[in-house]
Amino acid sequence: MPNKPPLRIAMTGYGFMGAAHSQGWRVAPRFFDLPAEPEMTLLVGRNAEAASAAAEKFGWAETATDWRDAVARDDIDVIDIVTPGDSHVDIAIAALEAGKHVLCEKPLANSVEEARAMADAAARAAERGVYAMVGFTYRRVPAATFARDLVASGAVGEVRQVRAMYLQDWLVDPEVPLAWRLQKHLAGSGALGDIGAHAIDLAQFITGQKLTSVSGMLETFVKQRPKLASSSGLAGTASDEMGDVTVDDLALFTGRFDGGAVGSFEATRMSTGRKNALRIEVAGSKGAISFDLEDLNSLGFYDATAPAGRQGFTKIMVTEPVHPYIEAWWPSGHTLGYEHGFTHQARDFVVGVVGGTQPTPSFADGLQVQQVLDAVERSAESGSAWIPTSESAGSPASVSSLVSPTKE
Ligand code: SOE
């Protein structure tokens, strides 16, 4: 480790995602053999006192109150953006132009226009060996990566149907306050962009197919909530004053994929009883797979080519050294958790940028998901008309595929 070059990181933001990313940077070099040593150099937050407290808690060496200071520093190699969506575009473009690699939380931006500007900046930077990646972390849950590997190997045959849903229930209570994730000018959209973006990315990642058109609807069940007094986790404490919810609580849509599959999607933060259920089922001509983030160490696999009397969904524990990322962890069957996706993301980012190869998902991939989000919103506005995902954004971006560590 001492002989490795440092990769000095500045992280802008320090909320829920700041904690998760910090964990990733801290742990990745302890378990994976990385080509550089990530250094948690600078944490940026507008409130100096809160930023210092977060830096101490998460293990960052210094703090600053303006992201421009991080971008201007010569001793920073990476800007990690975990702020609300409204600031992604300015920070990411400035950082890329200053020669910093960028890791940016999803959704990439609050509009297709912003996402396109970011993807353009990333394409220009890549020509100079400077790379940008978007944080669709769930690709790095070993069972999800393995699902992609199974589909790519032909194990389910021709993919025909996809059922994707991301269900949470933290907004069922109308007293949960108006956090930034409930305000359009900060978050861009509601359940659609916050968690639907993950379902879209994961469905496309696992199937290797891109959504080409969608028809959908959005619903906001609770239209006013108490304004936020102080934030923590996904929400925080409520004040006495009420404010308008300006985003969707639920997004429902169907879609067509470029490889011929059709899919249904549901994203909601009001699905009573479901805490963090990102579920994907893929049905093909020879088999099917089934993934649920609430049971993230396993994958369901149905082999329709097995003898008729022995067919049935098999629950595969994705905790063997042959499975993606697992070799670095515990003995067989000693399970992983939510935070490991962030460690794997840090690992893949460092391997990519230090090795001079584009880490995935790229900003072009983030733009493509943004186009899908935009098409769903426009479909909902038009009474569920079918909207081509390419219509809003000009050149369609490619969905690149991640090479899992077991395949490298
Ligand atoms: C971050 O990746 C994220 O999408 C959060 O923004 C959501 O709120 C969380 O529930 C899932 O992960």
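Start by selecting Phe 31: at a relative accessible area of 32%, Phe 31 is partly exposed. Keep in mind that this is a predicted model.

What kind of aromatic pair do Phe 31 and Trp 330 form? An edge-to-face one, 5.3 Å centre to centre with 80° between the planes. Colour by element and you'll see that Phe 31 belongs to helix 1 (residues 16–31), while Trp 330 sits in the loop between strand 16 (314–317) and helix 9 (340–355), so the pair ties together parts that are 299 residues apart in sequence.

Stay there and show Trp 329. The ring centres of Trp 329 and Trp 330 are 5.9 Å apart and the planes make 50°, so this pair is tilted. Trp 329 counts as buried, at 11% relative accessibility.

Next, pick Phe 16, Tyr 138, Tyr 166, Tyr 338 and Phe 342, a cluster linked by ring pairs. The count of aromatic pairs comes to 12.

Time for the inside. The largest nonpolar core has 80 residues, and Ile 289 and Phe 363 have the most contacts within it. Select helix 8 (residues 191–207) too: its 10 residues are the largest share of this core. Domain 1 (6–135) and domain 2 (139–336) each supply at least three residues to the core.

Zoom in on Ile 289: beyond its neighbours within four places in sequence, its contacts include Ala 147, Leu 150, Ile 206, Phe 301 and Phe 313.

Last stop: a separate core of 33 residues, among them Met 40, Leu 43, Ala 55 and Phe 342.

Technical notes:
Residues numbered from 1 in each chain as written. Predicted model: local features only at pLDDT ≥ 70, side-chain atom pairs only at ≥ 80, totals over all residues. Heavy atoms only, no water. Phe/Tyr/Trp six-rings, centres within 6.5 Å; stacked < 30°, edge-to-face > 60°. Helix = DSSP H or I, 4+ residues; strand = E, 2+ residues; numbered from the N terminus. Buried < 20%, exposed > 50% of the residue type's maximum accessible area, 1.4 Å probe, protein only. Core = buried A, V, L, I, M, F, W, Y, C linked by side-chain atoms within 4.5 Å. Domains from an automatic or database assignment. Contact = heavy atoms within 4.5 Å.
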